[in-house]
Amino acid sequence: MTNKIVVVDGLGNLRSVAQALRAAAPEADILVSNNPADIDAADRIVLPGQGAMRDCMRSLRESGAEEALLRAVKNRPVMGVCVGEQMLFDASEENEGTPGLGLLPGKVVRFQLDGKLQADGSRFKVPQMGWNRVRQTRAHPLWEGVEDGSYFYFVHSYYAAPLEAADTIGEADYGGHYTCAVARDNLVATQFHPEKSAAAGLRLYRNFIHWKP
């Protein structure tokens with residue numbers, strides 16, 4: 001049985017996401033597209049995102065992919081990555097307020113790290129850029145075979161703050177603990193980039209591809 005996965009186009013970092021999905025599951029049919037008909041026909045959808053959330057939301061809207069995505073989340077697995085995770089929430093502080101898809105209650109906020117120092121005495125930089133350890137806050141099929149405390153790759157200035165604690169499945173620490181992975185029903189998403197996170201990231205994608213919510 002073909003597992004058709006659409007990586008939603010127009011939102012950045014698509015080539016590396018598609019390549020990672022192919023590496024994680026060579027048997028799957030991976031398509032990069034923002035065509036609503038392709039999204040409607042997909043078994044699973046990956047929603048990446050890079051850059052400003054406002055631009056990503058505009059791209060979704062103008063292509064018609066937003067409505068197709070909202071149809072898809074009713075009965076198919078969807079995974080958000082980086083800004084793709086942020087877009088699942090109600091709104092972001094970015095650009096003085098940017099509405100999201102409203103699929104998860106909560107907002108996206110900016111790191112507030114002025115004056116805070118890291119353990120080595122250096123200042124925290126925004127955006128956070130590089131490897132960070134992820135603590136699994138609750139069990140989820142996405143974590144199967146992934147050791148708690150594994151390192152993943154991050155590049156971001158904003159992060160999601162879910163209204164409901166149960167939606168958080170992973171946390172990282174950067175000047176304080178914050179949510180970096182969420183899940184509810186057939187939705188799952190990470191702030192970090194699995195496609196840039198070596199073996200642990202590929203395992204996450206493989207888990208998503210075989211996940212049966």
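A residue counts as buried when its relative accessible area is under 20%. That cut-off is applied here to aromatic residues of a predicted model, in which 10 aromatic pairs are found. Two of the pairs are described below, and Tyr 178 takes part in both, with Phe 154 as its partner in one and Tyr 159 in the other.

**The pair of Phe 154 and Tyr 178**
- The ring centres of Phe 154 and Tyr 178 are 6.4 Å apart and the ring planes stand at 75°, which is why this pair is classed as edge-to-face.
- Phe 154 belongs to strand 10 (residues 151–156) and Tyr 178 to strand 13 (residues 177–184), so that the pair links distant parts of the chain, 24 residues apart.
- Phe 154 has a relative accessibility of 0% and therefore counts as buried, and Tyr 178, with a relative accessible area of 3%, is buried as well.

**The pair of Tyr 159 and Tyr 178**
- Between Tyr 159 and Tyr 178 the ring centres lie 5.1 Å apart with the planes at 50°, and the pair is therefore tilted.
- Because Tyr 159 lies in strand 11 (residues 158–162) and Tyr 178 in strand 13, this pair ties together parts that are 19 residues apart in sequence.
- Tyr 159 counts as buried, because its relative accessibility is 18%.

**A charge over a ring**
- Arg 44 is placed over the face of Phe 208, at 5.8 Å from the centre of the ring.

Note on methods: Residues numbered from 1 in each chain as written. Predicted model: local features only at pLDDT ≥ 70, side-chain atom pairs only at ≥ 80, totals over all residues. Heavy atoms only, no water. Phe/Tyr/Trp six-rings, centres within 6.5 Å; stacked < 30°, edge-to-face > 60°. Helix = DSSP H or I, 4+ residues; strand = E, 2+ residues; numbered from the N terminus. Buried < 20%, exposed > 50% of the residue type's maximum accessible area, 1.4 Å probe, protein only. Lys NZ or Arg CZ within 6 Å of the ring centre and 35° of its normal.
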